[in-house]
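This report describes one protein chain, going from the whole chain to single residues. Please keep the sequence and the structure in view while reading.

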Amino acid sequence: MALAAAPSTPTKLYFPLALLACFILLTQASSHGFTADLIHRDSPLSPLYNSSMSHLDRLHNAFRRSVTRVHHFIKPTMTSLSSSSAAANIQSIIIPSAGEYLMNVSIGTPPVEVLGIADTGSDLIWTQCKPCKQCFNQNPPLFDPKKSYTYHSIPCQSSSCTYLEEAACGTLINGDHDTCEYSYRYGDRSFTRGTLALETLTVGSTSGRPTSVPKVVFGCGHENGGTFDESGSGLIGLGGGPLSLISQLMKLTSGGKFSYCLVPTVNTAASKISFGSVGVVSGSGAVSTPLVAKNPDTFYYLTLEAISVGEKRLAYKTKSPDCEEAAVAANEGNIIIDSGTTLTLLPPGFHDDLVSVLETAINAERVSDPRGILSLCFKSKSDDIGVPVITAHFSGGADVKLQALNTFARMDDDMICFTMIPSSDVAIFGNLAQMNFLVGYDLEERSVSFKPTDCTKH
């Protein structure tokens, strides 16, 4: 499908897209795909940036959000409103926001720029729309579908409407009995309700004409609320479900491939996200592990077999109903890879074993985290406390060697802490562990690849 040039100059409208929050700014466009910036919410490039906060304050806030985000992985649902009251290849820039990344895209014709949370843990693309029956406060203007000549509401008989767990022919928004109305709720009780529609999605370019993708399914939210920031107005779903941006681009011959390279949080440079063939991760040093199909299909499940501290290998284990502690390396899909969670979360027993080995291996005084979030901390003014290489062993022989920046963070002037914590609810391979890796997803081949990379130069 040919890509159309976006007409007119876009009106700027920013919206935080949650759970993986990033600004997306197109930096490269070609027949092989496009690349854009992912902006961390705590980056000086982000409208959420608070200059009065220190780097340590921002890290603490990011870690608290990691704990809260666990609830997000309680299955998000899309239900009926009535029951609840072409790009072939693309690449964009990712900007980190203390564990969340923002993407900057445009919706409609003429295009209206929207800044949304880029979230690998959800599917629906949505923004707040006029008329707004119940909306959270946002600084940018609301998107007005009446001013876009490429906006078309989706009939409730459409196949896209069937992707909702419960679809409804709605009358609550505009009185049209044939319109598909949606309700999407997240585990943290945030929600959006509105009209499912087709619209043109545009990714801008600094080196040429913007790239426009026609007929993208998105949610025009007329009732929205929860933990959203006023700097933004919606969310960009990058999950594995049929309504996500990734899945929709896949239908337009992107091949279901995308990758990102997250710069360390101490760096102010933007990260990057790429779609299409430019998002393929291969070459020397790259390792791949299978993506495991599980319900819900939104999340990206991997199989973690073990973690090594230096030469000492610890088999992955978790509690089961039948025994106190059982090795479950053979259980497929036992951990979710997520760019919107800062910390890595592991089953308590397995985490305790890991902490015990690390405490023995590191020659420094152990201290307690005064905030009570991190379980293993050491007293040290030096960044070099002799952290051994920690290797995550994923199925298929994918051994991902984590450096100190992936596993430890300075939390105070004289304290360094381990950035993996115990969780009985869900296991997550978080974004600190992914920094300075080119991480590629291939939804056709059902694999995730890792390649050590200096992301500041990618």
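## Overall make-up

The chain holds 4 helices and 35 strands. The model is predicted. Of the 458 residues in the chain, 59% are buried. The accessible surface of the chain is about 17700 Å², and carbon and sulfur atoms account for 49% of that surface.

## The largest nonpolar core

The largest nonpolar core has 90 residues, and Ile337, Phe394 and Phe450 are the ones that touch the most other members. Helix 3, which covers residues 348–361, gives the most to this core, with 5 residues.

As background, nonpolar side chains in soluble globular proteins tend to be buried together.

## The second largest pocket

Sorted by class, the lining has 13 nonpolar residues, 2 polar residues and 2 charged residues.

Three elements each supply at least two residues of the lining: helix 1 (55–69), helix 4 (404–407) and strand 30 (408–412). Domain 1 (34–75 + 90–273) and domain 2 (281–452) both give residues to the lining of this pocket, so the pocket lies between the two domains.

## Two cis peptide bonds

Most peptide bonds are trans. Which peptide bond is cis, with omega near -10°? The bond from Lys130 to Pro131 is cis with that value of omega. Pro131 sits in the loop that runs between strand 9 (126–128) and strand 10 (152–153).

The peptide bond from Asn295 to Pro296 is cis as well, with omega near 0°. Pro296 is also a loop residue, placed between strand 18 (287–290) and strand 19 (301–302).

## Two residues with positive phi

Most residues other than glycine have a negative phi. Lys215 has a positive phi, near 55°, although it is not a glycine. This residue is part of strand 14, which spans residues 211–225. Is Lys215 buried or exposed? Lys215 has a relative accessible area of 66%, and exposed means over 50%, so Lys215 is exposed. The C-alpha atoms of Lys215 and Glu199 are 5.0 Å apart, while the two residues are 16 residues apart along the chain.

Arg446 is another residue other than glycine with a positive phi, in this case near 60°. Arg446 is located in the loop between strand 34 (437–442) and strand 35 (447–452). Its relative accessible area is 35%.

## Pairs separated along the chain

Ser424 belongs to the loop between strand 32 (420–422) and strand 33 (428–429). With a relative accessible area of 68%, Ser424 is exposed. How many residues separate Ser424 and Pro347 in sequence? They are 77 residues apart in sequence, and their C-alpha atoms are 5.6 Å apart in space.

Phe418 lies in strand 31, residues 415–418. Why does Phe418 count as buried? Buried means under 20% relative accessible area, and Phe418 counts as buried because its relative accessibility is 0%. Phe418 and Leu358 are 60 residues apart along the chain, with 9.2 Å between their C-alpha atoms.

Methods:
Residues are numbered from 1 along each chain as its sequence is written. This is a predicted model: local features need pLDDT of at least 70, side-chain atom pairs count only at pLDDT 80 or more; totals for chains, interfaces and linings use all residues. Side-chain values use heavy atoms; hydrogens and water are left out. Buried means under 20% relative accessible area, exposed over 50%, partly exposed in between (1.4 Å probe, protein chains only). Accessible areas come from the Shrake-Rupley method with a 1.4 Å probe; for residues, only the protein chains shown count as cover. Ala, Val, Leu, Ile, Met, Phe, Trp, Tyr, Cys and Pro count as nonpolar, Asp, Glu, Lys and Arg as charged, and the others, Gly among them, as polar. Domain bounds come from an automatic or database domain assignment. A nonpolar core is a set of buried Ala, Val, Leu, Ile, Met, Phe, Trp, Tyr and Cys residues joined through side-chain atoms within 4.5 Å.
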